Amino acid sequence: MRALVASIVLLCAVAPSQVPDSTPPPTEPFAPGVVYDAKIPTLDAVVGHTVGAEVSAHADVEKYLHALAAASPRIRLVEYGKSWEGRTLWYAVVGSEANLARLPAIRDGMRRLADPRGLTAADADALERDLPAVGWLANCVHGDEPSGTDAALFVLYHLLAATNDPVVDKVFAECVVLVDPLQNPDGRDRFVHSTRAARGRWPDATPLGAEHSQPWPGGRVNHALFDMNRDWFAMSQPETAARVRAFLEWWPLVYVDLHEMGGNSSYYFPPPALPLNGEITASQRQWLVRYGKNNARWFDRYGFDYFTREAYDSFYPGYGEGWPTFHGSIGMTFEMASARGLVYRRSDERLLHYRDGVRRHFTASMATLETLANGRAEALGAFVEHRRAGIARGEKGPVRAYVFPDRGDRTRLARLMNLLVAQGIEVQRATGQLQASCVPLAAAAGTAAIEQTFPNGSYVVPMAQPSSTLATVLLQPHFDMDASFLDEQKRREARRQGTEFYDLTAWSLPLLFGVETWTAAGDVAGERSPLGAGGASTGAAPLRENPPQVGYLVAWGQNGAAALLADLLRLGVKARCIDRSFTHEGVVWPAGSFLIRVQDQPADLHARLGELAASHGVSVACIDSSWVDSGPDFGTGHSLALKVPRVALAWDRPVNANSAGWVRYLLEQRYGIPCSPLRTHQIDDVDLDRFTVLILPEGGGYERVLGKSGAAAIKGFVERGGVLITLGSATRWLTGDDVKLLASEAEPRQKPKGEKSDKSEQGEKPAEGDKAKDAPAADEPFDYAKAIRPDKESPPAVPGAIVQVTVDPEHWLGFGYTGTADVVHDSANIFTPVKLDRGTNVAIYAPADRLVRAGFVWDETKRQLPQKAFLVHQPFGRGHVVAFAEDPNVRAFADGLNLMLLNAVLLTAGR
């Protein structure tokens, strides 16, 4: 008996988290003392669980929204879009009955303030007196950060049902509130399913228990595996595009994006941490403090812990708080410690319940609405002043306009212009020639302006417009970070402590799209007209009516040509890539241009080709003679009969979900190339010879999942003629001793400048003489910094800078490039170039004096990275290895790099 008691005591001591927790979930009311109208239904009455007792699914949210709308005249529901999987995106509009009756007038008034040109001071004052303050609460853009959604449902209930809350009365008197309870329904339902499926008799608080540890890809991302809190200006996802359209209908004065963070933290609200983007005005910074102070007052009332300024910067414009800020709103991120389920055991052994997060998000939301209500007139005034300042920037600032000549890849150019217009930035198109004194974008400081003439059809983004702040943020190459912040990061890096860069430090769309751009410091002369939504086009000539005698030619070098080729191959059209430049009937055709002969083709080729060329904005030349003026003839051996691409894509752990999503989205949605996702752990069971291409996205740990059998299967696939493409960290796997598909190495960190490298770090055994030579002299002072430095380590990770690479235009992977390209370097990857007898370094990082285009790069990286490999081709057996040092598909907004990927997918198999 004594032994049994001892065993029970020992079991309880070593495994407390395996015993059902006796601590019941919290039951404190969210708003103590508030009496609620019984006519407004509770969440429990509609869906069967109380607020915070369960993670509500999308169907629960919809059901409750409709119940509230049926019960109250002070709410309107707006369907503003659909997710990839067809789930409806809703926001609720809450206001007084009088304000709801005049919603069109309110929207018109906000649009008038958003464009104050011609608005007199008296008219502005009248609008500021009349209009309510529009506030927007957005929740759950990351599907596995769920508490904001249930908090939003209680915010709606509280606003509609509270009978004795003076804050609610003030909000109805001064505001119209928009609540988006669920921005990412596909990701949330993925998370809800995984956590509910893993739940047993009791909720489990074990941090790494199955309820909290999600299967790949997790609920954070949407169906396409994109992080939609990075997608605001890229607008690649249908959910994001719908939100942007809704934002531009309302122009809210405050936009709050509610998130979750690690379960051992507390709660974050602004002011944000450094660095702050320099385009955030002093007024906006003051408002951030104002909102933060009132949030703190509410948190003090309930004894809630919080922090500010320690994390979560406001530098990158793709966040849900950043993009609205650069349009003049007060954008804010709120972060709650996440239970990632119903209950979570923190490292201090306290239990964090899901309801705790719901309550804190509710509290912060109501505090924010109170601040907005109390400052309604000031907030309206600050907004219109921000928009007026945007106009003044273009009248007095150093850049009066950005000019985009109508040349180069017009498909990329048109997509960029349409993207700018879609997010509220004014673009003009020339109706004749333009003239201006200009400097090339990203030119060195002090570069003298030169007189330029731009052709008809060129585009101008004038800075004298209300949205010039956002335009500047998206177009200008570089933004300085706070000097104190950078000094601290350098100190931390020197001590090998984690740095505090939160996201990319550069994102300039002209650089990443690879389009020619000029900045004008003065007026741009020439007639032009406003560009409407979707109005930019390539100006491609239509296909002639009568079919040609010989065939069709399409010039390579534009993204639209690749999309056209993919469509044609999928339809069974036979095409041949000419690997060298040639001249035909006086026209020079670049290497990579493809020929479609009229013989042995689908019967409706001419009609289908005309339709597809028009849809992709591509000019197709009809060829009635095969005679070539110079260069290879059409029957040349310097050509390739192109195969229909059959792409396999590694899927599941250890694949980085974002990287997999980016490449699949680009190939399928932008270029019409189907992908077959293969579970990584099953690759050795798949008949890979059914595919022409296998892509390994970013991911660390391929060796653990693939093992020797998976590696052997991939090597066999390549040896028999397959094309293997690796992205970023996946390229490291290629260089491993068990794989050796790439004759390159991931370089370790170099010694500080002036210090000799240790041969042992490079895999060499130092000779006895070397040891003696390297030994410190007796009178040499002890070098403490050298003594504590790790023997072998990776280079410091670059936080998402834009750097230049030099491209070999003679290799087919470089077709379409004229010497250079701009890439995002967002890692510690530095790969040695391959030797001439092993492969080709198709793209290498530029020399040090031309390397950095924008963003932050460590000084030692500036010394080590130049002329190292970015894109490598290495033959293996009958197949090919194509290795990228970084992911060229980053966030699907680097259109200028798409051709590198497409060259690998479309132009490589069969060589």
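How many helices and strands make up the secondary structure of the chain? The count comes to 28 helices and 35 strands, where helices (H or I, at least four residues) and strands (E, at least two) are DSSP runs numbered from the N terminus. The model is a predicted one, in which local features need pLDDT of at least 70 and side-chain atom pairs count only at pLDDT 80 or more, while totals for chains, interfaces and linings use all residues. Residues are numbered from 1 along each chain as its sequence is written, and side-chain values use heavy atoms, with hydrogens and water left out.

Turning to the overall fold, a compact globule of 911 residues would have a radius of gyration near 29 Å, and the 30 Å of the chain agrees with this (taken over C-alpha atoms; the rule is 2.2 Å times the number of residues to the power 0.38). The C-alpha atoms fill a box of roughly 85 × 85 × 70 Å along the principal axes. Of the 911 residues, 58% are buried, meaning under 20% relative accessible area with a 1.4 Å probe, protein chains only.

Spanning residues 559–570, H19 reaches 17 Å from its first C-alpha to its last, close to the 16 Å expected at 1.5 Å a residue (1.5 Å times one less than its number of residues). Of its 12 residues, 11 are buried, among them Asn559, Leu564 and Asp567. Their cover includes helix H15 (410–422), strand S23 (594–597) and helix H28 (898–906). After H19 comes glycine 572, with a positive phi near 90°.

Definitions and conventions: Buried means under 20% relative accessible area, exposed over 50%, partly exposed in between (1.4 Å probe, protein chains only). Contact means heavy atoms within 4.5 Å.
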